[in-house]
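Here are my notes for your first look at this one. Keep the 3D view open and click along as you read.

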Amino acid sequence: MSNEHATLSFSDSGKQVELPVYKGSIGPSVVDIRKLYKDTDHFTFDPGFLSTASCESKITYIDGEKGVLLYRGYPIEQLAQHSSHLEVCYLLLYGELPTKDEFDQFQRSITMHTMVHEGLKNFYNGFRRDAHPMAIMVGVVGALSAFYHDSLDIHNPEHREVSAHRLIAKMPTIAAWSYKFAQGQPFLYPDNRLGYVENFLRLMFGVPAQDYEVNPVVAKALERLFILHADHEQNASTSTVRLAGSSGANPFACISAGIGTLWGPAHGGANEAVLKMLAEIGSVGNIENCIRRSENPDDPFRLMGFGHRVYKNYDPRAKIIRESCHDVLNALGVDDPMLEVALRLEEKALKEDYFISRKLYPNVDFYSGIILKAIGIPINMFTVMFALGRTVGWIAHWMEMIKEPNTPIGRPRQLYTGPTPRDYVPVARRKG
Ligand code: SDX
């Protein structure tokens, strides 16, 4: 940490405090305000944390102005082009790309954890058939805490590692079963001869009555989507996982909390909302009206899949997914008019001063649904796909935080503007 500092002075009391400033390896420096309250009896005020660094991390770096995303220093474009989801999982968890032996050992461990406790199947029957799969994911993933008592000591590195591998390995099984339950089809068991993505596709679309043949185009497209969704520094769901973890909660409960946060349409739920918006627009001719509505402050309509707290340039993931759309749809012989609507909507929006002045660009969710739909994933499973990809990011951040000695429990303060102290009034004397 450097010996630079910032000086804060208060106009009312004239008091001054010096606050240490730390530089990262890249990106904005930070002002350390940990002693501010003790030294000045003041809090900082930053709803939504627009200017707040909640932690130090070595996992992912985003440059919002330049549209840069690095996983452990590797550009997302290179990982999407050359890597696999499991290799990216290893990179995010352990910090380096694996050697062949390291990867083989990791892949074997994940493969051997893809089955879930047989008792977990009973949870599905407690849901309505039309339950949203994210509701099932929140419940079933949280319930894993009830089955894996052998690995819940968060201060034991071996328990942390086996929990991480279990979560990465079991999420596809749990997710696919949430789809099968809705379909009224029997659950398949994982097949250890298949790779991570292929195994998931078979669990999703395979049936006991016949062998399932994985379409390599579909597998490659889903592999790339999982890589692109794997991590994104301190986004809302990852911050939830860190906050939950800071209380000492077990990793399964923390990931379940992350899934719940991701579900929101302002976050991971946007991919499902984008497809519904594109369907509502219906045709290129209706785009103008949609843009007008999204610019109207009195209309709650938002251009879903547009805008980002950090990216004030094109989301690099959106660029990769948009390029993949054509390849995947052509390879599958799918002609989806929604792609044309999306492309024209982007083209028109990016010419609007409203979007230009606010630096609103397509984000990861704008095009991902086009590919998910083309490979046969039902729309209410889109956010589950996001959760599948992001599980490793949540776990990597949880592990990074828990490994730190003396991690403080997260406990923000507030600016209180409620009633000042007053005495209780018996009901007979209260005025209507
Ligand atoms: C993800 O954080 C992450 O990293 C998330 C994520 C990840 O990988 O984890 O990248 C994944 O969540 C992507 C975002 C998916 N959400 C959407 O696509 C929903 C639509 N987008 C908006 O809800 C919004 O852009 C957010 C929530 C994504 C970001 O909101 P901010 O940063 O809090 O910005 P804001 O809401 O304050 O908007 C600034 C201005 C406002 O206008 P003014 O008050 O200045 O007049 O831009 C406007 C907003 O009204 N605006 C939009 C808009 N997004 C912002 N107007 C119309 N359509 C939009 N989509």
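1. Let's start with a strand pair. Keep in mind that this is a predicted model. Strand β2, residues 16-22, pairs with β3 in the antiparallel sense, and two bridges hold the pairing. To find the spot on screen, look for Tyr 22, which stands opposite Val 30 in β3.

2. β2 and β3 belong to an open sheet of three strands, in the order β1-β2-β3, with antiparallel pairing. Which strands stand at the edges? They are β1 (4-9) and β3 (30-31); each has a single partner strand, so one side of each is left without a neighbour in the sheet.

3. Strand β4 (residues 60-63) pairs with strand β5 (residues 68-71) over four bridges, in the antiparallel sense. Thr 60 has Tyr 71 in β5 as its bridge partner. Four residues sit between β4 and β5 in this hairpin, and Gly 67 in the turn has a positive phi of about 70°.

4. Carry on from β5 to strand β6 (residues 74-75): the two run antiparallel and are joined by two bridges. Tyr 71 turns up again here, with Tyr 74 as its bridge partner in β6. This hairpin has two residues between the strands, and Arg 72 takes a positive phi near 50°.

5. Lys 359 is not a glycine, yet its phi is positive, about 55°. You'll find Lys 359 in the loop between α16 (353-357) and α17, and at 37% relative accessibility it counts as partly exposed. Asn 406, also not a glycine, has a positive phi near 55°. Asn 406 is in the segment after α18 and is exposed, with a relative accessible area of 76%.

6. Go now to helix α17 (residues 364-374). How many of its residues are buried? The count is 10 of 11, so the helix is mostly covered. The buried ones include Val 364, Phe 366, Tyr 367, Leu 372 and Ala 374, and Asp 365 is on the list too. Among the elements doing the covering are α9 (216-228), α12 (270-281), α14, α15 (337-349) and α18 (382-403).

7. After the helix comes Gly 376, with a positive phi near 95°.

8. Ile 321 is in helix α14 (residues 316-332). Is Ile 321 buried or exposed? Its relative accessibility is 1%, and anything under 20% counts as buried, so Ile 321 is buried. Beyond its close sequence neighbours, Ile 321 is in contact with Val 364, Tyr 367, Ser 368 and Ile 371, and also with Leu 225, Leu 228 and His 229.

9. Arg 166 counts as buried because its relative accessibility is 9%. Leaving out residues up to four places away in sequence, Arg 166 touches His 113, Tyr 148, Asp 150 and Ser 151.

10. Last, the ligand. It is surrounded by 23 residues, and the closest are His 232, Gly 305, His 308, Arg 317 and Arg 390. That shell divides into nine nonpolar, eight polar and six charged residues. A polar side-chain atom of Arg 390 lies 2.8 Å from a ligand oxygen. A ligand nitrogen is 2.9 Å from a polar backbone atom of Ala 266, and a ligand nitrogen is 2.9 Å from an N or O atom in the side chain of Tyr 354. On its own the ligand has 1100 Å² of accessible area, and the protein covers 75% of that.

Notes:
Residues numbered from 1 in each chain as written. Predicted model: local features only at pLDDT ≥ 70, side-chain atom pairs only at ≥ 80, totals over all residues. Heavy atoms only, no water. Pairing = 2+ DSSP bridges. Near = heavy atom within 4 Å. Polar contact = N/O pair within 3.5 Å; in protein donor to acceptor, adjacent residues only side chain to side chain. Areas by Shrake-Rupley, 256 points an atom, 1.4 Å probe, with all protein chains shown as cover. Nonpolar A, V, L, I, M, F, W, Y, C, P; charged D, E, K, R; others polar. Buried < 20%, exposed > 50% of the residue type's maximum accessible area, 1.4 Å probe, protein only. Contact = heavy atoms within 4.5 Å.
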